[in-house]
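Visitor: Please show me the structure, and then let me ask what stands behind the terms used to describe it.

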Amino acid sequence: MKFTLEHIPVLLVDDQEITGYVLNKIFLEDSRNDFVLHTINTPLNALSKAQEVDPAVILLDLVMPDMDGLALLEQLRQCPDFADTPIIMLSSHEESFFKAKAFEMGANDYLVKLPEKIELLARLRYHARAY
């Protein structure tokens with residue numbers, strides 16, 4: 001872990017490019033300017049991207065082609081480099097079943113896409129500080 005709270009690397013794994021665009025806009029408009037967003041749209045390459053970025057927090061989409069977010073969550077948790085990295089699941093699924101499954105598999109948090117700016121930033125900062 002090589003980050004400061006003035007420079008917080010966040011990795012977004014989401015097959016929808018619009019999510020990365022919206023998050024980057026939120027980060028750029030934030031007065032603290034403390035987040036650096038890295039994105040990958042292919043879940044099959046997410047582990048190598050995470051090793052390259054060494055994120056303080058990972059935002060992980062639940063529903064993606066080729067590999068769903070829960071399978072990738074399990075893969076990340078099995079990797080010693082990311083066993084303790086905060087992972088926040090992002091999904092349009094609001095049902096308790098999906099949330100419970102994500103927590104059961106090791107997610108630190110769960111947000112319904114896309115949360116309000118103030119909530120997103122607060123949760124990201126909280127998890128980065130805790131990490």
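Guide: This is a predicted model. A place to start is Asp14, in the loop between S1 and H1.

Visitor: Why is Asp14 called buried?

Guide: Asp14 has a relative accessible area of 1%. Buried means under 20%, so Asp14 is buried.

Visitor: What makes the pair of Asp14 and Thr19 a polar contact?

Guide: The two side chains come to 3.1 Å, and the cut-off for N or O atoms is 3.5 Å. Setting aside neighbours within four places in sequence, Asp14 also touches residues including Ile40, Asn41, Asp61, Met64 and Lys113.

Visitor: Why are H1 and H5 called roughly perpendicular?

Guide: Helix H1, residues 17-29, and helix H5, residues 117-130, pack at an angle of about 80°, with their axes 11 Å apart. Angles of 65 to 115 degrees count as roughly perpendicular, and H1 and H5 are therefore described that way.

Visitor: Which residues make that contact?

Guide: From H1 they are Leu23, Ile26, Phe27 and Glu29, and from H5 Lys117, Leu120, Leu121 and Leu124. The residues of this contact divide into six nonpolar, no polar and two charged.

Visitor: How do you know that the buried residues of H3 line one face of the helix?

Guide: The buried residues of H3, which spans 69-78, are Gly69, Leu70, Leu72, Leu73, Leu76 and Arg77. Seen down the axis of H3, they fall within an arc of 160°, so they line one face.

Visitor: What do the buried residues of H3 pack against?

Guide: Their partners are the strands S1 (8-13), S3 (57-61) and S4 (87-91), together with the helices H2 (46-53) and H4. At the start of H3, a side-chain oxygen of Asp68 reaches to within 3.1 Å of the backbone nitrogen of Leu70.

Visitor: What puts the buried residues of H2 on the same side of the helix?

Guide: In H2 the buried residues are Ala46, Lys49, Ala50 and Val53. They cover an arc of only 100° around the axis, which places them on the same side of H2. They pack against S1, S2 and H3. After H2 comes Asp54, with a positive phi near 50°.

Visitor: What phi angles do Asn33 and Asp66 have?

Guide: Asn33 has a positive phi of about 50° although it is not a glycine, and Asp66 has a positive phi of about 75°, again without being a glycine. Asn33 sits in the loop between H1 and strand S2 (35-40), and Asp66 in the loop between S3 and H3.

Visitor: What makes Phe103 partly exposed?

Guide: Phe103, in helix H4 (residues 96-104), has a relative accessible area of 41%. Beyond residues up to four places away in sequence, Phe103 touches Asn108, Asp109 and Tyr110. The C-alpha atoms of Phe103 and Ile88 are separated by 9.7 Å, and the two residues are 15 residues apart along the chain.

Notes: Residues numbered from 1 in each chain as written. Predicted model: local features only at pLDDT ≥ 70, side-chain atom pairs only at ≥ 80, totals over all residues. Heavy atoms only, no water. Axes fitted to C-alpha atoms, helices over the stretch in contact; angles between N-to-C directions. Helix = DSSP H or I, 4+ residues; strand = E, 2+ residues; numbered from the N terminus. Parallel < 35°, antiparallel > 145°, perpendicular 65-115°, else oblique. Contact = heavy atoms within 4.5 Å. Nonpolar A, V, L, I, M, F, W, Y, C, P; charged D, E, K, R; others polar. Buried < 20%, exposed > 50% of the residue type's maximum accessible area, 1.4 Å probe, protein only. Arc of directions from axis to C-beta. Polar contact = N/O pair within 3.5 Å; in protein donor to acceptor, adjacent residues only side chain to side chain.
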